[in-house]
Amino acid sequence: MTKPGTALMGVASGANPLEVVQPFPTKSVGQSTPFAGATNTLTVTFKSSATLTRTDGSVLTIAGLTGTQTNNGELALEQVAGGNFGHQLFEASSGTAGTGNWAKESGSLTLRVRQNVVAGTEYRFAFRVQNPAAGQASPTTVSIAVSGTATSGLEAMVKPGTALF
């Protein structure tokens with residue numbers, strides 16, 4: 001039999017039977033400061049194996065960032081050097097461009113796709129949270145997931161594990 005050999009959802013040869021890829025070959029998160037009570041800029045870097053679209057209702061979720069003092073609500077996404085304007089790709093549930101919905105209890109940032117996230121392109125964006133008032137260890141697992149065009153369960157993100165100061 002002949003395999004189709006065509007792209008599907010932005011995945012080269014994705015139409016071939018059992019052509020399976022990791023949803024996020026690149027997925028990391030880091031921080032700007034480890035100090036209690038400080039405003040902390042968290043930077044997310046990711047690459048999706050599939051093109052994520054607004055028309056399919058794609059939603060990206062970063063979860064497990066527990067322990068912040070940041071209350072529920074919309075958080076602004078910030079531009080990061082070399083980020084391919086990743087901060088402009090998303091919106092909160094209100095439709096506000098360049099924002100996401102923060103849930104304090106679960107430490108989750110939920111981002112609706114506003115502009116296509118192109119498969120195989122690395123994107124970066126940042127957002128700010130308030131560190132806890134007292135010291136704490138980094139959450140065991142910070143994860144990324146997507147629903148919509150493609151769907152994946154939570155995948156553990158890479159944390160740099162390097163000293164800042």
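**Entry 1: terms and ground rules**

I begin with the word strand: helices (H or I, at least four residues) and strands (E, at least two) are DSSP runs, numbered from the N terminus. With that in hand I looked up Phe 85, and I found Phe 85 in the loop between β4 and β5. I note that this is a predicted model, in which local features need pLDDT of at least 70, side-chain atom pairs count only at pLDDT 80 or more, and totals for chains, interfaces and linings use all residues. Residues are numbered from 1 along each chain as its sequence is written, and side-chain values use heavy atoms, with hydrogens and water left out.

**Entry 2: the chain as a whole**

I counted secondary structure next, and the protein chain has 0 helices and 10 strands, so that its pattern along the sequence reads β-β-β-β-β-β-β-β-β-β. I then asked how the overall size compares with a compact globule of 165 residues. Such a globule would have a radius of gyration near 15 Å, and the 17 Å of the protein chain agrees with this; the radius is taken over C-alpha atoms, and the globule rule is 2.2 Å times the number of residues to the power 0.38. The C-alpha atoms fill a box of roughly 60 × 35 × 30 Å along the principal axes.

I also looked up burial, where buried means under 20% relative accessible area, exposed over 50%, and partly exposed in between (1.4 Å probe, protein chains only). Buried residues make up 42% of the 165 residues in the protein chain. For contacts, meaning heavy atoms within 4.5 Å, I noted that among those between residues at least 6 apart in sequence, 69% join residues at least 24 apart.

**Entry 3: the open sheet of β1, β2 and β8**

I traced an open sheet of 3 strands in the order β1-β2-β8, with antiparallel pairing; two strands pair if DSSP finds at least two bridges between them. The edge strands are β1 (26-31) and β8, each of which pairs on one side only.

**Entry 4: the core, and Phe 46**

Which residues touch the most other members of the largest nonpolar core? Of its 28 residues, these are Phe 46, Phe 90, Leu 109, Phe 125 and Phe 127; a nonpolar core is a set of buried Ala, Val, Leu, Ile, Met, Phe, Trp, Tyr and Cys residues joined through side-chain atoms within 4.5 Å. At least two core residues come from each of β2 (39-47), β3 (59-63), β7 (108-113), β8 (122-130) and β9, and β8 gives the largest share, 4 residues.

Asn 84, in the loop between β4 (73-76) and β5 (90-91), has a positive phi of about 55 degrees although it is not a glycine, and Asn 84 is partly exposed, with a relative accessible area of 43%. Phe 85 likewise has a positive phi of about 55 degrees without being a glycine.

In the loop between β7 and β8 I found Gly 120, which, apart from its neighbours within four places in sequence, is in contact with Lys 47 and Ser 48.

Lastly, I looked at β9 (residues 143-147) and β10 (residues 152-156), which run antiparallel and are joined by 3 bridges. Ser 143 has Ala 156 of β10 as its bridge partner, and in this hairpin, with 4 residues between the strands, Gly 148 takes a positive phi near 115 degrees.
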